[in-house]
Structures are given as C-alpha cells and as structure tokens.
Amino acid sequence: MFIPLLFVSTLGLVGYAAIDRVAPTIDASQIQVLYGTELDKTMFSISDNCDSLDALDIIINDDTYDAYTLGNYNVEVTATDLFSNTITKTVNVEVIDTLAPEIIKQTNGYTIDIEVDSSNNITDYIQAIDNVDGDVTAFIEYDKELDTSTLGSQDITLTVSDNSDNTATETIEFNIVDTTAPTIDIENDTITLDYGKEFLYQDYMTISDNYDSEDDLEVTLDKDIDPISNETQTVTLTVTDTSGNASNVTLTIDVEDISAPEISLTKTSVKIKQDASFDASSYLKSAIDNKDGDLTDEVVIDDSVDTSKTGKYTVSYTVSDSSGNETTETLTVTVQKKYQELVDLALTKVGCSYVWGATGPNTFDCSGFTQWCYRQYGIYIPRTAASQYSATTRVDKSDLEVGDLVFFKGTTGSSGITHVGLYIGGGQFVHASGTKTGVKISSLSESYYVKHYAGGGHVG
C-alpha cells in the first residue's frame with residue numbers, strides 16, 4: 001500500500017509528539033530514618049509518569065549524611081527517567097532513635113542466683129546496652145536495694161533510659177542462695193583420744209560456714225567412737241549447713257592414756273603459828289586417775305616445813321599412773337610469828353577512839369587495848385600497863401617479836417610504867433595513843449618514844 005509522503009511526514013510528527021517529556025517527581029521533603037539506616041531510593045517517594053521506580057536512575061548524594069549520628073542532614077536526590085528527564089531535590093533527612101536500651105542478665109534463665117553475702121551492687125549482675133548510647137548500666141534505677149545477706153527470692157524492678165528518652169523496664173527475680181560448704185580446719189586428721197574421754201570435735205578442729213553460725217551446723221559421725229578401745233578407729237565426720245551443703249573429713253583415732261591423775265587438796269595455802277604442829281597428809285583429799293582410778297595412797301608428799309622458823313614453805317604432792325603420767329600439786333604453808341594473827345586483828349582497830357578506862361571493842365585506853373587484843377586470842381593479861389609489865393618476860397629492844405608488848409614510863413608525868421603498845425614488827429607498834437589520835441601506829445624511833453621507852457615484854 002502506498003502511503004503519500006505527506007502522510008508519512010504527518011505520521012512522523014505524530015510519533016515525535018508522543019515522546020515522554022515529563023520529569024519524575026520526588027514527593028518527600030523531609031523524612032525520618034532510624035539510627036544506623038543506610039539511605040535507599042524507596043525512602044524518598046519517587047515516581048514517574050511512565051517509568052517504574054526500578055527503571056529510574058536515582059542518585060542519592062549522601063556525602064554529608066552520617067547514619068550513626070543523630071540529627072538532620074540535607075541530602076540531594078536526583079531522579080532521571082528513560083527519556084532523560086531529570087529532577088533534583090534536597091530532602092531533609094532526620095536520623096532518630098526509637099529503640100530502648102536492652103537489659104541484659106549476666107546469667108541465663110529467668111532468675112539470677114547470687115551467693116549469699118556477695119556484692120549487693122545490682123550492676124555486678126545486670127548490664128544495660130543501648131544501640132546509640134552504648135553501655136548505660138550506670139543509669140539503671142531500681143525500686144529497691146538488693147539484699148544479699150539473707151537467703152530467699154527478691155523481685156526488683158529495673159528502669160533505664162537512653163538520651164532519646166527511650167525507656168526499658170523489667171522486673172527481675174534475684175535468688176540469694178548458699179552453695180558453699182562449711183569449712184573444717186584441722187591440723188592433723190590422726191587424733192589421740194584420752195582414755196575414757198568423750199570425743200568432742202571442738203577439741204581437735206574448728207568448723208565454720210559462710211552463712212550459718214557454728215550452732216546451726218550439724219556435725220555427725222558415721223560410727224560411734226569407743227573411748228576405751230585398744231584398736232585404731234577410723235570414722236568420717238560430716239558437717240552440714242542449713243542449706244544442705246556438706247563437708248567431711250576422715251579421722252584416724254587412737255585411744256591412749258595421756259592424762260595424769262588429778263590431785264585434790266583441801267586447801268592450796270595455809271597459815272600456821274610458829275612452833276605449831278603440822279601434818280601435810282591432812283590436806284590431801286584425793287588422787288584420781290582416768291584409767292587407774294583411786295591413787296590417793298600412792299601420793300608422795302615432799303614436806304620441808306619447819307614450824308620453828310617463820311617464813312613460806314612449799315609442800316609437794318606427786319603421783320604417777322600406770323602409763324607414766326605424773327602430776328604434782330603444791331600447798332603453800334606460811335609459818336607466822338606466834339602472835340601474828342593477834343597483831344592483824346589489832347590493826348583493824350586503827351582509828352578507834354581513845355576513852356580512859358575503855359576496854360573495847362571500839363573504844364580503848366592503852367592497856368585496855370592490849371588486854372582486848374590478847375583476850376580475843378584466848379589469853380588473859382592484867383588490866384593496867386604497870387601490871388602487864390610485871391606479868392611479862394623482859395625482851396631486849398633488838399629481840400622484839402611480833403605480838404610482844406612495849407612499855408613506856410613517865411608519859412603522864414608520873415613515874416613508873418604509864419603506857420603500853422603492841423609491837424607489830426619493823427620497829428613499829430600499834431597503841432591507843434590518846435584522846436586526840438585514838439588507836440594509831442607509831443615508831444619506836446620517834447624521839448618521844450625513845451625518851452620514854454621502858455622495855456619490851458613477851459607474853460607466855
């Protein structure tokens with residue numbers, strides 16, 4: 001069929017007029033993307049009257065864009081269709097964070113088991129990690145403190161927010177547990193048990209626990225111990241705490257007689273008068289051995305007491321059992337001056353008042369005082385100083401003994417013996433001195449008493 005040239009020309013003009021002259025459109029002026037998002041063409045609402053999005057040539061100039069920094073960025077987007085129609089638009093891209101931090105337990109499971117008395121710092125067991133801010137553990141808040149001092153379960157609600165105010169909240173169960181067995185501290189697991197003595201673990205070891213007191217620990221033996229057996233015994237001792245944690249030790253026990261007999265005395269010290277009789281055996285009560293029984297008759301007494309001489313003596317009582325265990329007890333014997341007790345009694349009256357003619361028990365004159373003292377000792381001496389002088393045996397001043405009387409003359413202006421006191425040793429005497437001073441202690445070396453001294457007298 002022939003087509004006129006004019007028609008062909010007209011047809012060509014019509015085909016040319018159908019060519020696409022419309023550029024694509026970019027509808028987005030501002031978009032928000034999540035932190036870390038890489039930009040792509042689907043985000044900008046790009047379309048074309050003829051071509052699909054995949055057919056368009058799209059250039060995203062993201063040189064100034066940082067996906068890992070929150071904020072706003074101006075991004076230039078260019079879209080070109082198949083007919084080379086082009087559009088360029090600057091779009092504001094805002095990088096935002098909408099993801100809350102993640103609370104991470106450092107142990108698997110729904111609960112966190114914590115050993116009793118461990119750290120009560122929650123962040124030792126929990127972390128909070130944010131996609132933008134990183135480790136935000138330090139910003140965790142809790143509705144209550146963690147108490148690791150008591151066994152049991154605790155529910156604690158944790159809350160943490162990032163810098164974009166995204167908040168995570170989680171309630172976590174913390175379970176305080178005791179998984180540590182008691183400690184047995186023993187120097188030697190081979191034990192020598194004294195014959196006949198009950199086995200007490202406290203004598204050989206120390207037990208302790210991280211949580212329970214010793215009183216709350218259960219101590220058991222797998223068999224009874226025979227304290228009189230001659231055979232070596234092997235037993236296992238187990239210590240269990242209230243949480244069921246147990247420790248044990250195997251003991252080798254040998255029974256031996258390692259205790260010496262026990263000597264009992266009626267007294268540990270006695271005082272006797274000079275020249276008095278003394279029987280050391282009268283102070284021995286018993287000597288008992290854990291294995292051999294009564295050994296009282298086997299006790300050897302070492303008695304060196306000389307009652308004619310004053311001083312302190314030690315009497316030894318010694319006994320051995322059949323195993324060679326020996327024990328010694330001692331008795332301290334003090335041989336006192338004959339009248340030491342009388343002097344000790346007299347000294348208790350120092351400070352009592354002087355009353356002429358008084359003979360005690362709390363007011364005295366000089367001879368009434370000495371007479372009262374001797375009377376308490378069961379000895380009668382005359383009433384006046386002069387008569388007491390006559391009734392006693394003369395003693396040189398250098399030979400005075402405790403309890404002797406010392407006499408003075410002319411103390412009242414009258415001649416003869418007018419005053420008497422009781423010698424207490426060391427050049428001193430106690431006496432009812434006068435109405436101003438009462439019963440007091442004086443020295444024979446005082447000038448007044450040197451001047452009036454008449455001599456000493458021994459009673460008996």
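What follows is a short tour, from sheets to a helix pair and then to one serine.

A quick word on ground rules: this is a predicted model, where local features need pLDDT of at least 70, side-chain atom pairs count only at pLDDT 80 or more, and totals for chains, interfaces and linings use all residues. Residues are numbered from 1 along each chain as its sequence is written, and side-chain values use heavy atoms, with hydrogens and water left out. Helices (H or I, at least four residues) and strands (E, at least two) are DSSP runs, numbered from the N terminus. Two strands pair if DSSP finds at least two bridges between them.

Let's begin with the open sheet of 4 strands, ordered β8-β13-β12-β11, whose pairing is mixed. At its edges are β8 (111-115) and β11 (141-142), and each of them pairs on one side only. Follow β8 to its partner β13 (residues 167-177): the two are parallel and share 5 bridges. One place to look is Asp113, whose bridge partner in β13 is Asn175.

Next comes another open sheet, this time of 3 strands in the order β20-β22-β23, with antiparallel pairing. β20 (262-265) and β23 (293-294) are the edge strands here; each has a single partner strand, so one side of each is left without a neighbour in the sheet. β20 is held to β22 by 4 bridges in the antiparallel sense, and Ile263 faces Ala287 of β22 across that pairing. On to β22 (residues 284-289) and β23: 2 bridges join these antiparallel strands, and a hairpin with 3 residues connects them. Asp289 has Gly293 of β23 as its bridge partner.

Now for the helices. α2 (residues 340-347) and α3 (residues 366-376) pack with their axes 9 Å apart and at an angle of about 130 degrees (axes are lines fitted to C-alpha atoms, for helices over the stretch in contact, and angles run from 0 to 180 degrees between N-to-C directions). That angle makes α2 oblique to α3, because angles under 35 degrees count as roughly parallel, over 145 as roughly antiparallel, 65 to 115 as roughly perpendicular and the rest as oblique. From α2, Leu342, Leu345 and Ala346 make the contact, and from α3 it is Phe369, Trp372, Cys373, Tyr374 and Gln376 (contact means heavy atoms within 4.5 Å).

How covered is α3? Mostly: 9 of its 11 residues are buried (buried means under 20% relative accessible area, exposed over 50%, partly exposed in between, with a 1.4 Å probe and protein chains only). Among the buried ones are Phe369, Trp372, Cys373 and Tyr374. Just after α3, Gly378 takes a positive phi of about 85 degrees.

Last stop: β32 (residues 428-432) and β33, an antiparallel pair with 5 bridges. They form a hairpin with 6 residues between them, and Gly438 in the turn has a positive phi of about 65 degrees. Ala432 is bridged to Val439 in β33. Ser442 also sits in β33 (residues 439-443). Is Ser442 buried or exposed? It is buried, with a relative accessible area of 1%. Leaving aside residues up to four places away in sequence, Ser442 touches Gly427, Gln428, Phe429, His431 and Tyr449. With His431 there is also a side-chain to side-chain polar contact from Ser442, at 2.8 Å (a pair of N or O atoms within 3.5 Å; within protein, one must be able to donate a hydrogen and the other to accept it, and residues adjacent in sequence count only if both atoms are side-chain atoms).
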